[in-house]
Structure formats: structure tokens, C-alpha cells
Amino acid sequence: MPFDHNDHYHRTLLRRVPPGCARALDVGCGTGRFARRLAARGIEVDAVDPSAEVIEAARGAGGGPRFLHADITELELPEGHYDFVSCLASIHHVPFATVSRLRGALAPGGVLAILGCYRERSAADLAWSLAAVPVNAVARAAVAVRERGREAVPPAPVRRPEMTLAEIRREAAGLLPGARIRRLLFWRYLLVHREPARPPRRAQLYL
């Protein structure tokens, strides 16, 4: 499919990058398009994906990030290190509780932004899906014309999401207190969690 729903929301995610962001982690980076957009802002980016094929393609394209072939559930993450952690349609490939590990890697004031997929179940899910179908068809046609003749990239692994949006909200309430979740048009949701900043140190008065 030429129209990539994840790419469509890149700007939405970039607006969640906190001011002064120096270090970022992109989980399930694929061929690295979003990671390169982060690196273009002068951010030091670690980009992780479990597929050796797509990591090889990402490294071949270059662009600044450090691409790592690794399983995020097994990778040792530095605690309190990253100012921004992103997951684009990748969190449903691992247990949702993995978000606790990602939260632990956030620096004070850091932001975790998840562009996720959910299992459709409710009437609201169906209504949003029906609304997305004609828009998706138009977007696919437009992108197909624009991308005609360009070299194909390795396809990302596909897995059907198991959790409904209601279940995701319940899990996130316990694992990421204060996180905001909203439904997006193209069968996606956006979850944003901001780690509390450290309170300023009180000045000591010496007499």
C-alpha cells in the first residue's frame, strides 16, 4: 500500500517533542524515516527494530540516527536517559506492559509518544473506520501517482492488534498515570505521557 498511515502522522508526533530535546529513542523504527526526521533537528537518536532486513536498509539510507537491530523487550535501556521516546505502530508487537520500560528510560520532563493500533470492537470503532475508508482511498491514489517509479522499501512486519482502545486506556491508566489518549482517523490512536520534571533544588543559606 503506497499511502503509509504512520508517515501521515509524523508531524503530529514531532509536535510532541519537548523543547531542548537532546536524546531520543525510536522504537520499531523500520527503515528509519521518522528517526531521520528527529535527527534532522539535531537530536541524538537511537533507533531500534527487531527486523534485520529493515535495519540494514535504514543503515544504508544513513541520515544520522544510530540504528540498532534489537528486541526492545530484551534491550537494556539506560534509565532516565531520553528526552523523547517514540513508537510508531510497534507497541502492539510486544506486551503493552513494555511501556513501563520505556517510561523508565525517560529523563525528567521527557515525553513518550505512541502512535498505536487497536482492535476494532465497538460501534464507535466501526463509525471511525467507515469514515476513514473514502479518505484513505483518495490518499492512496494521490501517493501512488507521486511515488511512481521510486524504489520499493522492505515491508514492515504486520501483526493484528489484540487490545481494544478501551483496554489500552485501562492499561495505560495504571502504567502511565496522567497519559492522554485520543483516537485518530486512520485506525490509529495517539498516547502521550510526560514524565514529571524534577523540582528545582532549594538554595541553602549558610550563616
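Residues are numbered from 1 along each chain as its sequence is written, and side-chain values use heavy atoms, with hydrogens and water left out. Because the model is predicted, local features need pLDDT of at least 70 and side-chain atom pairs count only at pLDDT 80 or more, whereas totals for chains, interfaces and linings use all residues.

An open sheet is formed by 7 strands in the order β3-β2-β1-β4-β5-β7-β6, with mixed pairing; helices (H or I, at least four residues) and strands (E, at least two) are DSSP runs numbered from the N terminus, and two strands pair if DSSP finds at least two bridges between them.

Strand β7 (residues 188-194) pairs with β6 in the antiparallel sense over 5 bridges, in which R180 is partnered by V192 of β7 and I181 by L191. These two strands, β6 and β7, form a hairpin with 3 residues between them, and W187 in the turn has a positive phi of about 55°. Strand β5 (residues 106-116) is also joined to β7, by 6 bridges and in an antiparallel arrangement, and here V111 has R194 as its bridge partner. Of the 7 residues of β7, 6 are buried, that is, under 20% relative accessible area, with exposed meaning over 50% and partly exposed in between (1.4 Å probe, protein chains only).

Helix α7 (residues 165-175) lies across β6 and β7 and runs at about 165° to β6, while helix α4 (residues 52-61) lies across β2 (44-49) and β3, running at about 165° to β3; contact means heavy atoms within 4.5 Å.

The lining of the second largest pocket includes I168 and Y189, together with R159, E162 and C117 among others.

Terms used: 1 Å grid on protein atoms, 1.4 Å probe; cavity = no way out; pocket = protein on both sides within 12 Å on 5 of 7 lines; lining within 4 Å. Axes fitted to C-alpha atoms, helices over the stretch in contact; angles between N-to-C directions.
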